Amino acid sequence: MLEKVELKLGGENLVIETGEVAKQADGAVTVQYGGTVVLVTAVISDEPREEASFFPLFVEYQEKTYAAGKIPGGFFKREGRPSEKEILSARLIDRPIRPLFPKGLFNEVQVMAIVLSSDGENDPDVLAMVGASSALMLANIAFGKNPPFGGPIGAVRVGKIDDEFVINPTYAQLDKSSLDLVIAATEEGVVMLEAGANEVPEETVTEAINFARKDLQEIIKLQQGLQKKVKPHLTHPARTLELKKIDPELMKKVEKLSLGEIEQIFEIANREKRLEKTELLIKSLIEKLLTDEAAYTEQDIKTTLSEAMKQQVRKLVLEKKVRIGERGYDEIRPISCKAGALPRTHGSGLFTRGETQSLSVTTLGSRSDEQMVEALEGEMFKNFMLHYSFPPFSVGEIRPIRGPGRREIGHGALAERALKPVMPSKEKFPYTVRVVSEILESNGSSSMATVCAGTLALMDAGVPIKAAVAGVAMGLIKEGNKAAILTDILGLEDHFGDTDFKVTGTRDGITAIQVDIKIEGISPQLITQILTEAKKARMIILDKISEVISQPRSTISKYAPKIHVIKIDTAKIGEVIGPGGKTIRKIIQDTGATIDIEDDGRVIISALEEAAMQKAIDYINGLTEEPEVGKVYTGKIKKVMNFGAFCEFLPKKEGLIHVSELADKFVKNVEDVVKVGQEVKVKLIAIDEQGRINLSIKQAASPAK
């Protein structure tokens, strides 16, 4: 039976419907906003996955090209592997819902979001987040008194245009916005933040969160209303979920045998040594507890020890005010920076913070190196890219390399978003810029190390960025009224803590935020406190960077291509390109330069050698230059006749040197004075009504006559 709920939100109505399509899924809704429609389904397996050690949640997001009235490019003409946008949108859905499933749930859960219609104005990603929550809420009512999902969540995007906040801005509005903030919240508080910003102050972020609170709660009520409407129509019997719980008797045994040693382990600052001690403890526990009479497995012991370690970490932080490695709450690990770490790259930076290290490399390319991105809202070209690489040796592991995973794409996108606001415009710096971050060591905050190393590499390459950008990951451990904010968290502090709160920015403001919250929600007041502590840490890191390199190098690397931009009359573009591109291909072939022509008449010329670039510049200037009477040119004799010689004095422009203008004396035989291929100085003496050009060697040699 079709059920529908509706809410006025921002500039459009948010409409959620269920009961018409995908009825065999446990929960299925369509979410419409303007002309954009997303179908979201949720399916939960009947039985838990055997021997699972993690919650098997799978989130997929697909943008079908038919949604925007397009046919896919490429040979196969169908959608293939997920695009970067699809992967990032799937992560955006996953991050707020994952913590809301109960601990010990090992049933497989799959959430699928398919964009069915796109109006080219409203981004479907936030709609998919609302749809995922709605579909899971409908799936909840099939599980009796033991629902799997602890939602609902509300989700909106907030922009800031002309000092006014806007809910769910369109693509066009976002282009003018100083803030792009996605917020997800439960009734209790915020559970996820994702933001890009043009150096906005911390206060702006908290103001945006407060601005969105009413709408977020209305979206939550809307989903609760839909669930109430659907519940009476259910015909199938409720299912039961088994939650795998830790055996309290096993927990007592593990705590008795390990608590003292756990405390000693957390005093160790070095990750490798800490892991060695932990492995020895696990081995010891298995030997002592895994007997023939035992009713538990090796995995049970490992899971129980992990829970005991989590409780101990939280106790040490909240009660004894001691962190892993005995750092203070606001203490940053030792930092070292190096600019120009590699000899032949265009720019490089090595940033080390504790046991996390990023080697970032900047490469400068021409316009032809831009990345074309095909999206539902249309094609776009990126001239700044940041790619994040996480090789297994960075954490002392062995695993096959299968290309970038979702985590690598997500971390790279965050670092790219952090640095993009300080990048120069194409007009100011006509290069395509690629930054690659190689994570050489990792123990927390590798994406934030990437931002810092990326800043070093960009400045070393001579990219005129507006300001240095630094990033820090903040943590939170909260029990009741007690809360500890931790600066520059380790991997274990992230794993056992309640938030991973990443903030990047310059001295003037925030450029990016990514927050994952593992509890039911935190208040805007607590978010404000975390942002304040993050700002203090950011200033310390920026000071460390400025000690090594305080501003971009004044020149780019000698190994980077040279780029020059000239402006020509748009009416002359055809002359430069030539019929079928013949002229421009010849210029490229003759000079070795790369040439890109814009519709506005800008010609971007790049070459590795200065001489090659200058040759191309001269050629294009010659092609587009209007012949000027009285000007002296250097030309080449193309043809000799009995009445004179034809000379090419500008590319594709010839004039006649009459026999009387070849020399100061009488010339009987033209070939006695000039020969084909000979370079000569000529003066343009006349252009007749038919556009024919007359040249003179005689007057070029004696310009005063």
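Which residues of H11 are buried? In this predicted model, the list runs to Pro524, Leu526, Ile527, Ile530, Leu531, Ala534, Ala537, Arg538, Met539, Ile541, Leu542 and Ile545. The helix itself covers residues 524-548, and its length checks out: with 25 residues at 1.5 Å a residue, H11 should span 36 Å, and its end C-alpha atoms do sit 36 Å apart.

Turning to the sheets, one of them is open and built from 6 strands in the order E1-E2-E3-E4-E6-E5, with mixed pairing. Strand E1 (3-9) and strand E5 (57-63) take the edges; each has a single partner strand, so one side of each goes without a neighbour in the sheet. From one strand to the next, the twist averages 15°. E1 pairs with strand E2 (residues 12-18) in the antiparallel sense, over 7 bridges, and Lys4 has Glu17 in E2 as its bridge partner. Helix H1 (residues 84-97) lies across E5 and strand E6 (107-117), at about 140° to E5.

Another open sheet has 8 strands, ordered E8-E7-E9-E10-E21-E20-E18-E19 and paired antiparallel. Here the edges belong to strand E8 (164-167) and strand E19 (482-487), each with a single partner strand, so one side of each is again left without a neighbour in the sheet. Neighbouring strands are turned by 15° against each other on average, direction ignored. Strands E7 (residues 154-161) and E9 (residues 179-185) run antiparallel and are joined by 6 bridges; Ala155 has Ala184 in E9 as its bridge partner. H1 packs on this sheet too, touching E9, strand E10 (190-200) and strand E21 (510-517), with its direction at about 130° to that of E10. Helix H7 (residues 298-318) also packs on the sheet, where it touches strand E18 (470-479) and E19 and makes about 95° with the direction of E18.

Conventions:
Residues numbered from 1 in each chain as written. Predicted model: local features only at pLDDT ≥ 70, side-chain atom pairs only at ≥ 80, totals over all residues. Heavy atoms only, no water. Pairing = 2+ DSSP bridges. Helix = DSSP H or I, 4+ residues; strand = E, 2+ residues; numbered from the N terminus. Axes fitted to C-alpha atoms, helices over the stretch in contact; angles between N-to-C directions. Contact = heavy atoms within 4.5 Å. Expected span 1.5 Å × (residues − 1). Buried < 20%, exposed > 50% of the residue type's maximum accessible area, 1.4 Å probe, protein only.
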